[in-house]
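Okay, thanks for making time, everyone. Let me put the model up and then walk through the two chains.

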Amino acid sequence: MSPKASLELVCPAGNLPALKIAVDNGADCVYMGFKDNTNARAFPGLNFDPASAREGVRYAHSKGARVLLALNTFPQSEKWERWQAAVDNAVEFGIDAVILADPGLMGYAAKNYPNLRLHLSVQGSATNYEAINFYHEHFGIRRAVIPRVLSLAQVEQVVKNTPVEIELFGFGGLCVMVEGRCALSSYATGESPNTCGVCSPAKAVRWEQTPKGLESRLNGILLDRYGKDENAGYPTLCKGRFEVNNETYYAIEEPTSLNTLEMLPEMIAMGIAAIKIEGRQRSPAYVEQVTKVWRSAIDAAKRAPDSYAVNPAWMAQLNKVAEGQQNTLGAYHRPWK
Amino acid sequence: MKLALGPILYYWERETTFSFYDEIAASPVDIVYLGETVCSRRHTLRTEDWLEIADKLAAAGKEVVLSSQALIESESDLMTLRRIVSNGKFMVEANDMGAVHLLAAAKLPFVAGPHINTYNPQTLALLADLGAKRWVMPVEMSRDALVHMQAARPAGMETEVFAYGRLPLAFSARCFTARHHNLPKDDCQFRCMDYKNGLTLNTREGQPFLALNGTQTQSASVYNLIGELDAMRETGVDVARVSPQAFFTAKILKLFREVMDNRLPAQSAMQQMTKLMPAQACDGYWHGRPGIEQSYLAAAEDAA
């Protein structure tokens, strides 16, 4: 089968119900994390313990879907064993591939489990084919997830120059910064995606009603202030309103969702191997809605790429669950930059 | 301990950059990192110009290292990277794994820069095998974590710490300076040249928080570890890095040198620096705290 025909839908599974819903609604793969800071969604109440991980793998395999495990934080030196054990457990539980960011951990996995399929996480910050080919040559990675900073033309250049499968983000929360290269969260709170698997962690968030409006603070730093008629979203650091040269605005990015439905035929034509849906922290209802829509869209685009058009009903369904109720093509579309 | 000057992170006029390095040639710095690491659209200096400055600094007795761009996206970015890697004369600081790939393939020694995510001894050992001779600690790493790294450091590997300057915290494909001026990145009019130390971003209650520097986002506060040089020496740090700023860089280097050589108490240096820094100091990361926090002499300042 050519890669063009085999574009896969990769859906988020924050817990077992979400995993089952994703599989039932047509996900080719689901990705999940263990219940600790070995993955970049180390949120309280989320993720899989050994029993639910085994059950998730059993369920997915019984329905012909595969399970990917995100081990995509950077092992902190004094706790290395935790990440190493996570790789060992992934193999034991029958996980189909591990998604890694740390070169040291990749070395461990490649050496000890030569048959384990390795994916380079978006947290690995590989934005060009020389970087991706580095991981291919040294660790035999099979797939790389590209940070959400390249234009579609730049992605195509990558695809043409690497034997590694390329996975792109298609929908969900949008990181404006190159993943794996953003320490804004630790600058404010002491914890970042790289070191702790969190960004703008909930425990550092404070909401306060004041005479000036509803204020959101991260470790005491004012991220935004909302008027009566404004929707207040989760206070992610880079999506607050700030003051630059006496002008107050979304200086880094608006609260918005990435949505690339309209680019699907182009992505298929250039040989993208997989589309990833963001949102392991979101509800099973979100996973259900998004999986359904993207399954329909991918099937439609594969069936008849030339006559493919985005169904307005799909957009309506996605808009209901989108962050900030706004969509963007992000960096895939050059003017965003 | 050696003193290094990091690459200029801002976009300055050509003449400013040349005269800056004339002053640096006469300053008490041991190692100078050169090149454009932030944005490939910046072009007042081409690779040949950087090589010319490199020769001058080498003639003045400095160890010169050419720094590669952190975010490499396009084929032309890769062409620039290949030119730097094959310069034939100076060591290269790799700031992404694409650079590591090319340097390792060419069997060239290199510096693993601050934008390579070296968070554990296993990764450091891998980099050593690939030819790294020095590594620069990620800016968010604490002293305690560094102690673990140092205990397992490969033979012959030097350790460098970003010890002064607005912290390079994040990279994006988007240009936040152009965004501030409502300009598309492709027609940015090089507005970052107007902000020689970056463009400060404040919270809505006026707290300086970050600094916009084109596609790079920095801390508004100036990371300053001059009070920690003894602790760095105890940890076996070989090199302390000062990041260039538009004014007084040579004075900052001189103060670091004097404290390193035990000719000036760190407290006096810190007091002199308050007039030389473009913003207030921070040192939280070193202490395993939020980076924005400041502990050294903070109590004394509060009392004053």
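Quick word on surface first: accessible areas here come from the Shrake-Rupley method with a 1.4 Å probe, and for residues only the protein chains shown count as cover. On that basis chain A exposes about 12,300 Å², with carbon and sulfur atoms supplying 49% of it. Chain B comes to about 10,700 Å², and there carbon and sulfur hold 50%.

Now the housekeeping. This is a predicted model, so local features need pLDDT of at least 70 and side-chain atom pairs count only at pLDDT 80 or more, while totals for chains, interfaces and linings use all residues. Residues are numbered from 1 along each chain as its sequence is written, chains are lettered from A and ligands numbered from 1 in the order in which they are written, and side-chain values use heavy atoms, with hydrogens and water left out.

So, secondary structure. Helices (H or I, at least four residues) and strands (E, at least two) are DSSP runs, numbered from the N terminus. Chain A has 11 helices and 16 strands; chain B has 11 helices and 12 strands.

How about overall dimensions? The radius of gyration is over C-alpha atoms, and the globule rule is 2.2 Å times the number of residues to the power 0.38. For the 337 residues of chain A a compact globule would be near 20 Å, and chain A has 20 Å, so that agrees. The C-alpha box along the principal axes is roughly 60 × 55 × 40 Å for chain A and about 55 × 50 × 35 Å for chain B.

Next, burial: buried means under 20% relative accessible area, exposed over 50%, partly exposed in between (1.4 Å probe, protein chains only). In chain A 61% of the residues count as buried, and in chain B 63% do. As for contacts, meaning heavy atoms within 4.5 Å, take those in chain A with a separation of 6 or more: 64% are between residues 24 or more positions apart. In chain B the corresponding share is 69%.

Let's zoom in on H3 of chain A, residues 80–93. The expected span of a helix is 1.5 Å times one less than its number of residues. H3(A) has 14 residues and reaches 20 Å between its end C-alphas, close to the expected 20 Å. Which residues of H3(A) are buried? They're A:Trp80, A:Trp83, A:Ala86, A:Val87, A:Ala90 and A:Phe93. And here's the bit I like: those buried residues pack against H2, S3, S4 and H4 of chain A, together with H5 (121–130) of chain B. Just after the helix, A:Gly94 takes a positive phi of about 85°.

Over in chain B, have a look at H9, residues 249–260. Its 12 residues should span 16 Å, and the end C-alphas are 16 Å apart, so that agrees. 10 of the 12 are buried, so H9(B) is largely enclosed by the rest of the structure. Among them are B:Leu253, B:Phe256, B:Arg257 and B:Glu258. After H9(B) comes B:Asn262, with a positive phi near 60°.

Last stop, A:Ala304, in the loop between H10 (284–303) and H11 (312–321) of chain A. Buried or partly exposed? Partly exposed, with a relative accessible area of 28%. From A:Leu19, A:Ala304 is 285 residues away in sequence and 29 Å away in space, C-alpha to C-alpha.
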